[in-house]
Amino acid sequence: MIPEKKRSWATAVKAVVHPRAITMLFLGFSAGLPILLIFSTLSVWLREAGVQRSTVTFFSWAALGYSFKFVWAPIIDRLPFPILSVRMGRRRGWLLVSQICIIASLLWISFFDPQIALTMTAVGAVLIGFSSATQDIVIDAYRIESAPADLQSMLSSMYIAGYRIGMLIAGAGSLWLADWWGQSTYDVSVWANVYRIMALMMLVGVVTTFIIKEPEVKESKDSVFRNTSDYVRFLLIFFITIGAFISGFFLSASMSYAIKQNLIDHWGWTKQLAGFVTETGRFIFSVLLGSLATWGSIKARIVPFDHIKETYIDPLADFFQRYGTTALVILLLVGTYRISDILMGVIANLFYLDVGFTKAQIATYTKFWGLWATLGGGFVGGILSIRYGVLRILFVGAFLAAASNLLFAYVAGKGPDEMLLLMVIIADNSSAGIAAAAFVAYLSSLTSVSFTAIQYAIFSSIMTLFPKILAGYSGSMVDSVGYPMFFIGTAIIGIPVLFLILWIHRLQTRVIGE
């Protein structure tokens, strides 16, 4: 491991105006826009449509594509998209395709009313999540390949700034529009028009993709992928795996329901606990079925083992070879660092509505002012990471992010106090901005140039997998213990993360000393 260097304040501030940093601002906007449209904004729409709170939070699983994007990241990393990759380059070609898919998915969801076609709304949410996760894969690879390591902290900060602006448009902007166009009664046409406006806003990303240049990266000439048929067969195994996973999820529905009712009726389990256990089992069954399909495809020689080795095994082997036994601790940190933040984020808009805030108040205080607080925290986090080193700021961000959740427990007992909400949002979002800037820079530092897209996809997938699975049950948790205890629990669950950072810092210091 290489010791982190301190640099002058002038060097740190100068990085803000680097052309690649400006590029990441606009690409960050394109990445940040879709995420809230399957999280908080959609949750408000579903809540107005009369969907139960526990069901609304389950919709957060539509974004699990972000947590499994490492599965198809190698395809995006290695497979040149026909025609576009020749004309625009591999990264820009895939970037344009993913952005067009996001636009199409947003238009899809606008054509259905969740009161009548909740399943079709869920399909649209999954399509948005899949397309957006694909865009993230390409942007992450582009960011890491387009600038040297000493600029990654600032590129991360600018990316987060653009990301948060996109989230502002999708969060505050959509709620302002819905409140402006809306009436006292639920009107699906209002939300349909909101999502169509959001699809139009994605053109910012499309224009950026046409303007930027393809990063100059030396391609490896010893790849086992020799021709188009190799890529097509690899793509086929991906669809076989996804098909098996989806089939397992639907085939297990009836059995899962029967087991759940048996646990409630004969074993005295609560509805929330029985639902948590059975749905987790259903998810695990689907993953195992997808894994079995992959193994069967390899045994059937649909894809040679050499392809699988180069695509998945070699990037992992490279990571463990570079970091040794410390790699396990690093992966544990990556998988838990954002747990407090994600658990809070999924339930946030429902919390604001239940406390008594209006859509306009939510947009103004939590989205608009929250954005500026996050931007400020992100810039501060990026500059401090360059000045003092990423690990130190990683610790500070984790502590502040967990501690700020306690403030929401206080809000839960005070009712719709606007000034209190504003102060809490500023504190929470500033903390989140500092933590996110340091964490993205940390993940970038872990990747190898030889496996940029797949390694970063694995890290970012691990980062959100467990927190998002757990967050799907946040509605049921609140039903069981109430908001104050829920927020206190999200703060406590962030404490082990601090010890993991200290552990990694000690291991890194020991290696440097040797």
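The model is predicted. The chain contains 24 helices and zero strands. It has 514 residues, of which 55% count as buried. When contacts between residues at least 6 apart in sequence are considered, 83% of them join residues at least 24 apart. The chain exposes about 22300 Å², and carbon and sulfur atoms supply 69% of this area.

Aromatic rings are the next topic. The count of aromatic pairs comes to 20. One of these is the pair of Phe81 and Trp94, which is edge-to-face, with 5.1 Å centre to centre and 80° between the planes. Phe81 lies in the loop between α5 (73-78) and α6 (84-88), while Trp94 belongs to helix α7 (residues 90-110), so the pair ties together parts that are 13 residues apart in sequence. Phe81 has a relative accessibility of 28% and therefore counts as partly exposed. Trp94 is buried, because its relative accessible area of 10% falls under the 20% limit.

Elsewhere in the chain, one aromatic cluster is formed by Phe351, Tyr352, Phe408, Tyr483, Phe486 and Phe487.

Charged side chains also sit over aromatic rings, as the following table shows for two arginines.

| Charged residue | Aromatic residue | Distance from the ring centre |
|---|---|---|
| Arg143 | Tyr159 | 5.9 Å |
| Arg387 | Tyr388 | 5.2 Å |

Arg143 lies over the face of Tyr159, and the charged end of Arg387 is placed over the ring of Tyr388.

How values were computed. Residues numbered from 1 in each chain as written. Predicted model: local features only at pLDDT ≥ 70, side-chain atom pairs only at ≥ 80, totals over all residues. Heavy atoms only, no water. Helix = DSSP H or I, 4+ residues; strand = E, 2+ residues; numbered from the N terminus. Buried < 20%, exposed > 50% of the residue type's maximum accessible area, 1.4 Å probe, protein only. Contact = heavy atoms within 4.5 Å. Areas by Shrake-Rupley, 256 points an atom, 1.4 Å probe, with all protein chains shown as cover. Phe/Tyr/Trp six-rings, centres within 6.5 Å; stacked < 30°, edge-to-face > 60°. Lys NZ or Arg CZ within 6 Å of the ring centre and 35° of its normal.
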